[in-house]
Structures are given as C-alpha cells and as structure tokens.
Amino acid sequence: MGKPTGFLEYERTASEAIAPLERIKNFNEFHVFLSEEEQRMQGARCMDCGVPFCQSGMMIGGMVSGCPLNNLCPEWNDLVYTGTWEQAYNRLKKTNSFPEFTSRVCPAPCEAACTCGLHGDPVCIKENEHAIIEYAYASGKAAPRPPKVRTDKRIAIVGSGPSGLAAADQLNRRGHNVTVFEREDRVGGLLMYGIPNMKLEKQIIDRKIDVMKAEGVKFVTGADVGNNYKVGRLKREFDSIILACGASNPRDIQVPGRDAAGIYFAVDFLKATTKSLLNSGLEDGNFISAKDKHVIVIGGGDTGNDCVGTSIRHGCASVTQLEMMPKPPVTRAENNTWPEWPKVLKTDYGQEEAIAVFGADPRIYQTTVKEFVKDESGKVCKAILVSLVSQKDPESGRMSMVPVEGSEREIPADLVLIAAGFLGSQSYVPDAFGVELNARTNVATEPGHYATNVEKVFVAGDMHRGQSLVVWAIHEGREVAREVDQFLMGYTSLA
C-alpha cells in the first residue's frame, strides 16, 4: 500500500495548529490542513507492512490497539497516494459511518498501532481520513442516497449521539423507517454538547444530519423519553427500540464543602458554553463563566482538558488541573511495547494554551481535593489539596492512591469543574423501560450482543459499554443495527 519506499523518502507531516495565543480568541477549529499534493505524500508513507495492525481493533492490556471499526486504512492510504479520491471515500464508508467526526475527535488508535511507528513516525492516517471525507463533501460524493426500497418496519432510537446516529444510518440504508428521539434542543448528543466547538464545529454535525434527513431518517428533539415522552407510546408504535442514551451520570467527589456554590460538573459547564455560543455567540450570558476566576479542574482526561481550553477562552485568571495518577513517562516503558496503546505523556490543546497564557503546565499529578472552603456567602473560595501516593491494600492486594499525611496545601478557587468520568446512564431511562443493569451500572446484555431483557428493546454505545471513545460508540451503533435487522427480518445484509 502507498509507495513501497514512501516511508523512507517522506517525513511525517501533519496539519499545523494555529498558535495558542491566537486560537484562544475564538471557539473555531484551529488546524490548517495540508494541500492535496502534501496529503498524497503522506498517503505514500503507508509501507505495505503485510500485517496491518492499524485496522485490527484488538484489545491488548485492556486497551484497544488499532481501529475499533476495522477501517481499511492501508487501502485508503494507497488511494490517497494515487489521488483516487472517490474510491478512497467508498472504501472509507464501508466501515465508518461518520469519518467527518472521527477525523476530528478520535485519538487515532490506528496510528498508535501503525507499523511505521515501530521505529519511526506513524502514517498520518487520521488526517488522510479527514482529507477523504472533506473531498467527498466538496465534490458531492457525500450527497444523500435514500434507499430505493423500504420495508414496513419502524424503529425508534432513543439518543442521537454517535451510537444512535450510526444505528440510524445503517438501519435507514437497509430500508427500515427510523425515528431518532433526542431530549435536547439539537441533534448530536455528546457530539453536540459534550465536545467543544474548537474540536468539532457544530456545522459539521448539522451537515451530516441534513444528509440523513434527506435520506429519510426522522428526528424528534425535545423528546425526553421516560419523562415527557412515554415509553408505552414507543412500544406501541415501533417494532424495535434502541437505547443509545450514553453514560451521562457524572461521577461526583464527596469532600467537606462540596455543597459550596461555584462547583459544577464538567458536562454542565461545557454544555452551557456550547449552547450559549450557538444561540447567541455567548451574548446571552446563559453559561457558567470562568472569566477572571481561579479555576480548578478535577480530572485529567479529555473532558478535563476541554474544560481547561474553554476556561481560557472565557478569560480565566488561572487554571489548575488535578490528576490523581502519577505523571506518565515521556517515552514508552519497557512493559508498554508496540502495538499496545502508548501510555505516555500527552500535552493536549488545552494544556498547550495554558502554558502559553500562564507560563506553566496546569496539571498537578498525584493530587486531589481534600476540602473546599466557602466564603461568607457560601461560595467556594479556596481548595485544600492533598498529595497522593500509590499503596497496596493489605487485604485485597490492589494498588490504590492514598493521601500523604501532612501534604495539605491551599490554593484559590472561584470555579471548580468536576471531570472525574461517568457512572453509567441516568437511571430514569432504564427504569422506565425495565431493563436490567450490570454491576457497572451499564444496561446488561449477553456478551457480544445488544438485546436487553425486555422484548424488542436493544442497547448500544456508552449506555452499554460505559464511558468510551466516539469510535467505539460508532462501532456499537453499527453492531446493534445488525442485530436489530436480524431480529426484524430473520437475516441481515448489513456490514
């Protein structure tokens, strides 16, 4: 695939990011992508490795290695190299319902598993994907293609995040009549209100939703199934129901002073900013502002980083990001060999911006909050931090992070954002449908399947597997579509 000697002749070249101090002036995407000629050179670097781990999607050491969608990366890398863009798009769409999303927000496990990366830099697979899908829209190849034949089957999908949309796309292409129910005022779920605009501009979502509508998928917004939209109605009117509501139950922290004003879950902070941005360009003031505030972000993952970047765009006075775990190594450890996911230090866009604005990385490792201090009005004004150390529990033998006695210190805090992950779906939806949960508070199914304990009710995405990547949600959406199609028709032709 690609040019046989391409990986020897061409260096990896990725898109350039706009300088941090410039890009924080707005909420726009901030990468300047390569020219077609430059992108074709990157496609040429795919080295015909014989065993393409990039498309394997294997689980190694509890983490994915390669693409969970089994994207045919070597094939479309080669087609990018030869400039055969339409065929590249056709190969990409065989496995990926939404390359316009994954080429922007996926952490690219394909690249982490690229054979070229074993002794050098991996192929720019993610940016090749971006080039393909943007070519498809620009050339009209991604235009609506409604199914030529319809069945009489009606399917309801509850939730319009990546798993719900993937299931809707696949089942509609099969000819079924699909209606997607979304409780928010806009379609997109996590993509719309959980991921900031600078990572995924919302017109990119709207562009794809317009295509899906033209292909026959129906969308109902403001429909909070289990609350203002009754489950009984869905069961009466539809032949099958897919629950794809995400893992939207945020993990809290319980320490003294938690009830202080000014402490929010990250998801509420990010959602409010995006909604106000879309409604009024932030002019309506209907968001949780970080302007001139000392911000503490509790959590070191992608959501925590998004909070850092968003707070800086608001104009915060300072931002501190707390990470419970030790600082990762700069290079792979000996027990973290290729093609495992590299457990190494990553400085993401928000941290880059904090360094540019405040002169230092905002992250403090092996640290958590011991107590929040309120002022006389009941607002948070300070946080007492404590250092942590890894220690083995003598009874269970498990390692855990425990406080270091005497390590407490105090920092100012006017706004605290909890980005500590999620604990399954909000309970009212499973309760309304009567579906069983497993020990991890996810909706229970047989291993490798998507049918719940309730007849004709299926589940997919984070609601099924727990908090995960967008690419895994798309994978689950495609898989549940196959199972629902089999359930309705007795066989399936879906890939």
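I count helices (H or I, at least four residues) and strands (E, at least two) as DSSP runs, numbered from the N terminus. My numbering starts from 1 along each chain as its sequence is written. This is a predicted model, where local features need pLDDT of at least 70, side-chain atom pairs count only at pLDDT 80 or more, and totals for chains, interfaces and linings use all residues, while side-chain values use heavy atoms, with hydrogens and water left out.

**Entry: charge**

I looked up glutamate 36 and found it in helix α3. Glutamate 36 counts as partly exposed because its relative accessibility is 48% (buried is under 20%, exposed over 50%, partly exposed in between; 1.4 Å probe, protein chains only). Together with Glu16, Glu37 and Glu38, Glu36 makes a surface patch of negative charge. A patch takes residues with over 30% relative accessible area and no salt bridge, joining like charges within 9 Å and nonpolar side chains within 5 Å; a salt bridge puts a Lys or Arg side-chain nitrogen within 4 Å of a carboxyl oxygen of Asp or Glu. Which helix gives the most to the negative patch? I noted helix α3 (residues 36–44), with three residues.

**Entry: nonpolar surface**

I then found a nonpolar surface patch of Leu21, Val357 and Phe358, with about 240 Å² of accessible area together (Shrake-Rupley method, 1.4 Å probe). Leucine 21 sits in helix α2 (residues 20–23).

**Entry: cysteines**

How many disulfides (cysteine sulfur pairs within 2.5 Å) does the structure hold? I found zero. Cysteine 124 is in none, and its nearest cysteine sulfur, from cysteine 114, is 9.5 Å away. Cysteine 124 is buried, at 0% relative accessible area, whereas cysteine 245 is partly exposed, at 25%.

Methods: Lys, Arg positive; Asp, Glu negative; His and termini not counted. Charge placed at Lys NZ, Arg CZ, Asp CG, Glu CD. Disulfide = S-S within 2.5 Å.
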